[in-house]
Amino acid sequence: MSKQDFISLYEKFLSGQCTDEEKALLERYYDEIKLLNNDWDDTLGDKEQTRKLILDKMADDVDFQRIITVSKRQSYTWIGYAASIVFLFAIGFWGWHYVAKHGDKNQVVNNIRPGKNMAYLTLANGKSIILQYAKNGQIAGSGNIIIKKIKDGILAYSQNNKNNNKQKITAEPDSNLLTIPRGGIFQTILADGTKVWLNSASSLKYPVAFAGTERKVVLVGEAYFEVAKNKAMPFKVSVNGTDVRVLGTHFNVMGYPEDNQIATTLLEGAVKLHSPAGNALLAPGQRGTYGIHNAGFSIKDVNTADVVAWKDGFFVFDNESLYNIMLKIGRWYNVDIVFQHITNQSSFGGTISRYKNIDVVLKALEATGSVHFKIDGRRVVVMD
């Protein structure tokens with residue numbers, strides 16, 4: 001097996017698309033340790049750590065993509081008929097009190113750990129770099145652009161200051177793809193200085209340097225942007241058929257395919273939303289939502305701090321359906337979600353750290369008395 005074959009197979013494994021035969025091939029390949037010893041590229045990270053990562057994930061039988069849910073039609077009725085049940089989290093005292101009261105009766109017993117800085121970068125030439133194991137410093141380059149991992153969880157693009165003859169970009173610049181698996185989070189600083197935080201199960205495609213009349217990136221999933229100002233070159237985020245166009249601003253975009261909607265929340269500046277169904281303008285403090293099946297934008301005022309709390313390490317649920325909450329938990333903890341005979345039409349609100357083990361989060365939801373959970377390996381069963 002060549003190095004590129006290994007990288008392709010490992011990427012497929014991370015995306016949850018490997019067959020049982022391919023997983024066995026990957027495991028056998030590591031037993032032979034041919035690539036690790038003879039043809040390893042240091043930019044891929046420490047070879048023993050990478051080997052341990054794959055074997056650990058195989059032992060857990062991780063499936064990055066599969067989430068088992070009730071039908072979408074039934075799940076959306078929960079939103080419409082929900083009566084809010086608020087759960088407030090005081091983790092220290094409440095956690096002790098809950099365990100003391102319920103003891104062995106509690107069905108949540110597994111301590112599945114939260115997500116962490118984890119991503120892989122695909123360069124224009126097809127080469128992939130596993131960023132969590134790459135060393136800090138320059139990991140690649142393209143033309144006059146240096147690509148560096150500046151610290152854990154941050155990838156940065158910058159001009160090569162040693163080159164006094166700065167190249168003017170005359171051709172289409174190379175594009176990179178930054179992919180965040182389930183259970184991961186990562187940040188990148190683009191060549192124009194724009195900062196992007198990417199949530200779990202997300203990806204961003206972008207040029208290594210911007211040229212022409214606009215700065216365009218393509219998003220799948222969720223990201224928070226702090227866009228560098230450049231009136232001559234507007235910034236555009238394309239996500240699932242909708243464009244977010246800005247000059248310089250702070251905003252959050254969530255467009256997971258399974259959500260069937262794209263939600264853009266503006267914190268600072270101004271943005272214009274565009275879709276085949278029309279346009280919409282947002283002011284700070286507003287969220288514009290575009291429904292895939294019900295074309296058109298709806299705009300409402302929101303608490304922007306709650307919307308972007310994920311990048312600061314918190315789950316914030318505001319009158320949210322159990323279905324949507326469990327989608328977020330499934331992405332962050334990399335677990336399968338199974339709804340079993342659910343008739344619950346309640347919605348929930350509250351705040352809790354994303355860096356607690358999953359049992360703490362699920363116990364907090366159980367404390368409302370309206371939902372219960374059972375953990376089987378990396379599968380969470382949701383019950384009334």
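In which sense do S22 and strand S25 pair, and over how many bridges? S22 and strand S25 (residues 379-383) pair in the parallel sense, over four bridges. Keep in mind that this is a predicted model, where local features need pLDDT of at least 70, side-chain atom pairs count only at pLDDT 80 or more, and totals for chains, interfaces and linings use all residues. Residues are numbered from 1 along each chain as its sequence is written, and side-chain values use heavy atoms, with hydrogens and water left out.

A few terms first:

- Helices (H or I, at least four residues) and strands (E, at least two) are DSSP runs, numbered from the N terminus.
- Two strands pair if DSSP finds at least two bridges between them.
- Buried means under 20% relative accessible area, exposed means over 50%, and partly exposed is in between (1.4 Å probe, protein chains only).

**The sheet with S22, S25 and S24**

- This is an open sheet of three strands in the order S22-S25-S24, and its pairing is mixed.
- Strand S22 (336-339) and strand S24 (372-376) are the edge strands, each pairing on one side only.
- On average, neighbouring strands here are turned by 25 degrees against each other, direction ignored; axes are lines fitted to C-alpha atoms, for helices over the stretch in contact, and angles run from 0 to 180 degrees between N-to-C directions.

- Helix H8 (residues 322-333) lies across S22, S24 and S25, and runs at about 155 degrees to S22; contact means heavy atoms within 4.5 Å.
- Helix H9 (residues 358-366) lies across S24 and S25, running at about 155 degrees to S24.
- H9 is largely enclosed by the rest of the structure, because eight of its nine residues are buried.
- The buried residues of H9 include charged-class names as well as others: Asp-359, Lys-363 and Glu-366 are among them, given that Asp, Glu, Lys and Arg count as charged, Ala, Val, Leu, Ile, Met, Phe, Trp, Tyr, Cys and Pro as nonpolar, and the others, Gly among them, as polar.
- Between H8 and S22 there is a loop that holds Asn-334.
- Asn-334 has a phi near 55 degrees, a positive value in a residue other than glycine, and at a relative accessible area of 7% Asn-334 is buried.

**Strand S15 and its partners**

- Strand S15 (residues 250-255) is mostly covered, with five of its six residues buried.
- S15 pairs with strand S12 (residues 215-226) in the antiparallel sense over six bridges, and in that pairing Ala-223 stands opposite Val-253 in S15.
- S15 also runs antiparallel to strand S16 (residues 261-268), joined by five bridges, and His-250 stands opposite Glu-268 in S16.
- The hairpin of S15 and S16 has five residues between the strands.
- Asn-260 sits in the loop between S15 and S16 and has a positive phi of about 60 degrees although it is not a glycine.
- At 15% relative accessibility, Asn-260 counts as buried.

- Thr-264 is found in strand S16, and at 1% relative accessibility it counts as buried.
- Leaving out residues up to four places away in sequence, Thr-264 touches, among others, Val-244, Phe-251, Leu-273, Leu-282 and Arg-287.
- Gln-261, also found in strand S16, is partly exposed, with a relative accessible area of 34%.
- Not counting residues up to four places away in sequence, the residues that Gln-261 touches include Met-254, Tyr-256, Tyr-290 and Ile-292.
- Gln-261 and Thr-242 are 19 residues apart in sequence and 9.9 Å apart in space, C-alpha to C-alpha.

**The largest pocket**

- About 1,300 Å³ of space lies in the largest pocket.
- On a 1 Å grid over the protein atoms alone, a pocket is an open set of points with protein on both sides within 12 Å along at least five of seven lines, a cavity is a set where a 1.4 Å probe fits but cannot get out, and lining residues have an atom within 4 Å of a point.
- Grid points are joined across faces, edges and corners, and a volume is the space filled by probe spheres set on the points.
- Of the 48 lining residues, Met-254, Gln-261, Arg-287, Glu-320 and Asn-324 are the closest to the centre of the pocket.
- The elements that give two or more residues to the lining include S15, S16, strand S19 (286-291) and H8.
- Strand S21 gives the largest share of the lining, eight residues.
- By class, the lining has 20 nonpolar, 16 polar and 12 charged residues.
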